[in-house]
Each structure stands twice: as structure tokens, then as C-alpha cells.
Amino acid sequence: MASMGMNASLGGKISGTAVCEATDGDGNTRLSYFSIADGKVTRESVAGTGKYDGAVISATVQPLGPFPVIKEGTFQDCNHQTGTYKLK
């Protein structure tokens, strides 16, 4: 899984966006867009290959961390996601 994003905390309000690409065991990939606003994280599908081609995914995300820093300049977290999906 690879992701790229940016978060900001300005005046006590957290905002941000991220794009994440994941590959399953069969080699199919999916690209998701995450946005953070008003303390709420949402996920939407952007594109996919194989069984994820044309998939419609919508979810809310609840971060379970943060967890202790393992290496300076990095972070670790885990998310609980709930929502719906529809494959072609």
C-alpha cells in the first residue's frame, strides 16, 4: 500500500487529504481519496483495476491511534472503516 497526503492543524481545526493505492493478493489495485474535515474522515473510490474497475466505495473512517512513534519523522495509525461498496 502506498499513500500520499497532507494534514494540517490550524487554530485547533484539523483538515487534510490523502490518496492511497492498495494492491490485493490477486494483483488488483484500487485508488482511494481520503478527506478530513470537521473531525470526520471520509473515503471515496477514485479508480481500480481488475475486480475494482468501476467499483463504488464510500466510507467513514475512525482513527484508532495515534500509536507511539517507531522512527523519527514517521507515524503509525490504524483505522476502523465502515461504509458501502459495489463491485461491477
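Strand 2 gives the biggest share of the lining of the largest pocket, with seven residues. Strands here are DSSP runs of E at least two residues long, numbered from the N terminus. A pocket, on a 1 Å grid over the protein atoms alone, is an open set of points where a 1.4 Å probe fits, with protein on both sides within 12 Å along at least five of seven lines, and its lining residues have an atom within 4 Å of a point. This is a predicted model, in which local features need pLDDT of at least 70 and side-chain atom pairs count only at pLDDT 80 or more, while totals for chains, interfaces and linings use all residues. Residues are numbered from 1 along each chain as its sequence is written, and side-chain values use heavy atoms, with hydrogens and water left out.

The largest pocket holds about 990 Å³, a volume being the space filled by probe spheres set on the grid points, which are joined across faces, edges and corners. Its lining is made up of 30 residues, and Asn-7, Ala-18, Phe-75, Asp-77 and Asn-79 lie nearest the centre. Two or more lining residues come from each of strand 1 (2–10), strand 2 (13–23), strand 3 (29–37), strand 4 (40–48), strand 5 (56–63) and strand 6 (79–86). Sorted by class, the lining has 15 nonpolar, eleven polar and four charged residues. For this count, Ala, Val, Leu, Ile, Met, Phe, Trp, Tyr, Cys and Pro are nonpolar, Asp, Glu, Lys and Arg are charged, and the others, Gly among them, are polar.

The second largest pocket has a volume of about 150 Å³. Residues lining this pocket include Arg-30, Arg-43, Tyr-52 and Leu-87. Strand 6 provides the largest share, five residues, and the class count is five nonpolar, five polar and two charged.

Now for the sheet. Strands of a sheet pair through backbone hydrogen bonds, either parallel or antiparallel. In this model, six strands form an open sheet in the order 1-2-3-4-5-6, with antiparallel pairing; two strands count as paired if DSSP finds at least two bridges between them. Strand 1 and strand 6 sit at the edges with a single partner strand each, so one side of each has no neighbour in the sheet. From one strand to the next, the twist averages 15°, taken between N-to-C directions of lines fitted to C-alpha atoms, on a scale from 0 to 180 degrees. Strand 3 and strand 4 run antiparallel and are joined by eight bridges, and Arg-30 stands opposite Gly-48 in strand 4.

The whole structure has three salt bridges, each a side-chain nitrogen of Lys or Arg within 4 Å of a carboxyl oxygen of Asp or Glu. Lys-51 pairs with Asp-24, with the closest N and O atoms 3.1 Å apart. Lys-51 is in the loop between strand 4 and strand 5 and Asp-24 in the loop between strand 2 and strand 3, so this pair ties together parts 27 residues apart in sequence. Lys-51 also forms a salt bridge with Asp-26, at 3.4 Å between the closest N and O atoms, and Asp-24, Asp-26 and Lys-51 are linked in a network. Within this trio, Asp-24 is buried at 17% relative accessibility, Lys-51 is partly exposed at 38% and Asp-26 is exposed at 62% (buried is under 20% relative accessible area, exposed over 50%, partly exposed in between, with a 1.4 Å probe and protein chains only). Asp-53 and Lys-88 also meet in a salt bridge, 3.6 Å from N to O.

Methods. Helices (H or I, at least four residues) and strands (E, at least two) are DSSP runs, numbered from the N terminus.
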